[in-house]
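I opened this entry to keep track of what I looked up, item by item. The notes follow the order in which I went through the structure.

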Amino acid sequence: MNTARGPRQPRYGARPTMKDVAARAGVGLKTVSRVVNGEPGVTAETERRVRDAITALGFRRNDSARILRKGRTASIGLVLEDLADPFYAPLNRAVEEVARDHGALLFNGSSAEDPEREQEVALAFCARRVDGLIVIPAGHDHRYLEPEIAAGIATVFVDRPAGLISADAVLSDNFGGAREGVAHLIAHGHRRIGFIGDRPGIHTAAERLRGYRAAMAQARLPVADEWLGLGPTAPDRVRATADRMLTGPEPVTALFTGNNRVTVTVLGLLARSPRPVALVGFDDLELAGLLSPGITVVAQDAARLGRTAAELLFQRLEGAEDTPRRVEVPTRLVVRGSGELPPATG
């Protein structure tokens, strides 16, 4: 029987301590503390031995006690709707860059559009003593955060405002962007324009519907009930809604889609349409400029949303105490071809 032993396996969870470093370097604990904290009073040779021991053991300073003394953890939490959604990637990156500039670490998690999960993730961050929260809300009641805010956790909401509490919010100009997108279709001769959006209880969906109605009203155009389709963004629902709008004796000649998920589903349907249908979508798409025609969109500046929210959060952490702010970030109409198609004749 082979009794030879292989390399000793690490004991996970047993981190080396300053005592271990001191023993390996042959110095006292105070000497190790001085080297770790960059304090004077250690000779160059002794510092070299201590740093060699730190490297050999893989020692990392435990900042817990120092953090407790300062009352800050130098960390913030970001609660997103879906980390896999391309819209949130630049937003997340912008928040991370601002946090880094302030010497803070970013934690993030997804709510999956579930209010209970949003609350679970946000409170988990609070339990880990983050200094602040940036929340893209899934729910409509954020009173669960009142004790955390009262305890000093700065909180900023992004994309949608907080529900039932007063808090900072950084939002896109959903109303103005939708109004501009629909007005663009009207300017290219369309009078029967369908709107397919998310659930009407969602702030962004409601604001984009309001923008659609405003553009139609400004042009003195009617809005038939059958031209409106709000609900879940599941592909089957969106396809059925679009198909209903595009068929019948007086089909719509153009569509305004309320977010990128709806736009992607509608594109698949329009690819099989026997007649051209103009399209303007809210939110840009990664390959929108490579299609033929390119997809005209109302683009949000996700990076600016994230950067503005993070900067506002750190202003709060640095002592800004004015009343809660509501910052609106402008959108931009990107013309690529699909929104410029004329109404089909015949």
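I began with a helix in this predicted model. Helix α9, residues 203-218, lies across β6 (193-197), β7 and β9. I noted its direction as about 170° to β6.

Next I looked up helix α11, residues 260-270, which packs on the sheet. I found that α11 touches β6, β8 and β9, and that its direction makes about 160° with that of β9.

Then I turned to the sheet. In what order do the six strands of the open sheet come? I wrote down β7-β6-β8-β9-β10-β12, with mixed pairing. At the edges stand β7 (228-230) and β12 (332-334). Each has a single partner strand, so one side of each is left without a neighbour in the sheet. For the twist I recorded an average of 15° from one strand to the next.

β8 (residues 254-257) and β9 (residues 278-282) run parallel and are joined by four bridges. Which residue in β9 is the bridge partner of L255? I found L279.

My last item was A240, which I located in helix α10, residues 235-246. Is A240 buried, partly exposed or exposed? Its relative accessible area is 47%. Partly exposed covers the range between under 20% for buried and over 50% for exposed, so A240 counts as partly exposed. I also looked up A240 against V298, 58 residues apart along the chain. The C-alpha atoms of A240 and V298 are separated by 24 Å.

Terms used:
Residues are numbered from 1 along each chain as its sequence is written. This is a predicted model: local features need pLDDT of at least 70, side-chain atom pairs count only at pLDDT 80 or more; totals for chains, interfaces and linings use all residues. Side-chain values use heavy atoms; hydrogens and water are left out. Two strands pair if DSSP finds at least two bridges between them. Helices (H or I, at least four residues) and strands (E, at least two) are DSSP runs, numbered from the N terminus. Axes are lines fitted to C-alpha atoms, for helices over the stretch in contact, and angles run from 0 to 180 degrees between N-to-C directions. Contact means heavy atoms within 4.5 Å. Buried means under 20% relative accessible area, exposed over 50%, partly exposed in between (1.4 Å probe, protein chains only).
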